[in-house]
Amino acid sequence: MSTQVSTVSQEQSKVDVDAHLINDDLAPAKERNWSFFSLFAMWMSDIHSIGGYTFAAGLFTLGLGAAHVFAGLSVGIVIVFFIMNLVGFAGQKTGLCYPVLARISFGTIGSNVPALTRGFVAICWYGIQTWLASRAVIVLAADIWPHITDYGRQRFLGESLLGWAAFLLMWALQLLLLRNGMETIRKFQDFAGPAVWIVMLILTIYVLKEAGWHISLSMPSKPAEWGPVHAFLAAISLTVTYFATLLLNFCDFSRFSPSRKAVWMANLWGLPVNFIAFSVVSVLVTAGSKQIYGEYIYDPVELVGKIDSPVASILGALTFTVATLGINVVANFVSPAYDLANAWPSKITFVRGGIISAVIALLITPWNLYNNPIIVNIFLAALGAVLGPLFGIIIADYYLLRKQKVQVSELFKANGMHSFKNGWNMRAVITFVVTSIPSIIVAVVPLSWCKFLSPFSWFIGAALSLVVHYYVSRNDPYVVRAVEAASKVDLDADLAAVAR
């Protein structure tokens, strides 16, 4: 028999939940202090990064001209805006983080499948992004102490001692953001996102001035391999896929939002408006680098390093270091902290989950992952391909099967409405496995038809899983019984009763 712990609010009656399924971090959010600006700043931190900078310019390699690239980006980010709201509204309404929200469809124990899958992807990229940020630290150090690169060239586990020092510095700085949990992260995002915008605007003005206020947007690209229509649709799909991770766990942030309107407005300004504006700036700067230096420079850190001004170089390197920290925290740090806490709530808190994630990211020596094409192009690509099926299952379950009717307190009971059979909803698990296979095949198999479909792997997995899960679960007695019970419960009273 599981240990029981009771939680009670001043106004509501007692609700018994199981201690091994809940802690203060996994319980429904009680403080709702992520306002419009905090969520907007979070999107700025996510988009204003080295990856976001190079993504837009990288779409030219599909064989598209500037007008079609911007059109593809615009259509893609509008799609992201609408489907991101689905996850955001679910988190805001229930106050639940991603792994607990996944209990609705996968079961109280089965939720560890989607949670740890998402968490492992995040930990790998957390380490890689931390290492990439350390490259900016080395550029910064070289501007201040020009001869520093002459030291620390001895290599250990595939990285120089100087590289290790820069990596450990960035690794430690990110751990500081854990000291007060999500509140420290919110305050950091409020600063980081706007700061990068200011420096990017300064960099844009500098590049335009140096290029004589006239640049060519005819970026180099190979002809579209399967025609312009395929290339345009691929640009749209890749834009959506770029946000695939946060399409799962945006609820980790929206759960702290005070209102549905705040989520909607923050997504509107943070995604379509901000993303398109930042993409325009990124392409202008990249195109201008050709006229100034005779070559296209897709890495902003490298571009900043070429500026003949120590102050500008130092400011730019610092900014992109902050930018990389920002996206790393948003996309790759918060998620595994919650995911690991969900695996063992009685022992692992959000802070402990973050520390465990950081230690794993250190031990995998991420530079070796990044420099291994098999790991990056096959293993991590395959893991990324399964995020679509997870999204499809969770959205189909919450919106189509349950009509947004969930009795939240039941998610923290070992024998509640969402325990299914021994904590596992095998319908959802089997659907996830089966629908992930096509996504993985088109993402990693080097056949012509797979390459044709590979830009659309997220949509393929999401659509297949949504349809399959709906049809195999629409008459599931567990689902029917849970919806009937939830329809008779006031959500606000339920949340208040289980709040810790």
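Let me begin with a definition: a residue is called buried when its relative accessible area is under 20%, exposed when that area is over 50%, and partly exposed in between, using a 1.4 Å probe and protein chains only.

The model before you is predicted; local features need pLDDT of at least 70, side-chain atom pairs count only at pLDDT 80 or more, and totals for chains, interfaces and linings use all residues. Residues are numbered from 1 along each chain as its sequence is written, and side-chain values use heavy atoms, leaving out hydrogens and water.

The mean pLDDT (the predictor's confidence in each residue, from 0 to 100) is 86 for the protein chain. Over residues 1–13, however, pLDDT stays under 50. Where pLDDT is low, the predicted coordinates should not be read in detail.

Is His-230 buried or exposed? His-230 counts as buried because its relative accessible area is 11%. The side chain of His-230 has a polar atom 2.7 Å from the backbone oxygen of Phe-452.

I turn now to salt bridges, in which a side-chain nitrogen of Lys or Arg lies within 4 Å of a carboxyl oxygen of Asp or Glu. The structure holds five of them. One joins Arg-427 to Asp-476, with the closest N and O atoms 3.5 Å apart. This pair links distant parts of the chain, 49 residues apart. Arg-427 is partly exposed, at 38% relative accessible area, whereas Asp-476 is buried, at 2%.

How values were computed
Contact = heavy atoms within 4.5 Å. Polar contact = N/O pair within 3.5 Å; in protein donor to acceptor, adjacent residues only side chain to side chain. Helix = DSSP H or I, 4+ residues; strand = E, 2+ residues; numbered from the N terminus.
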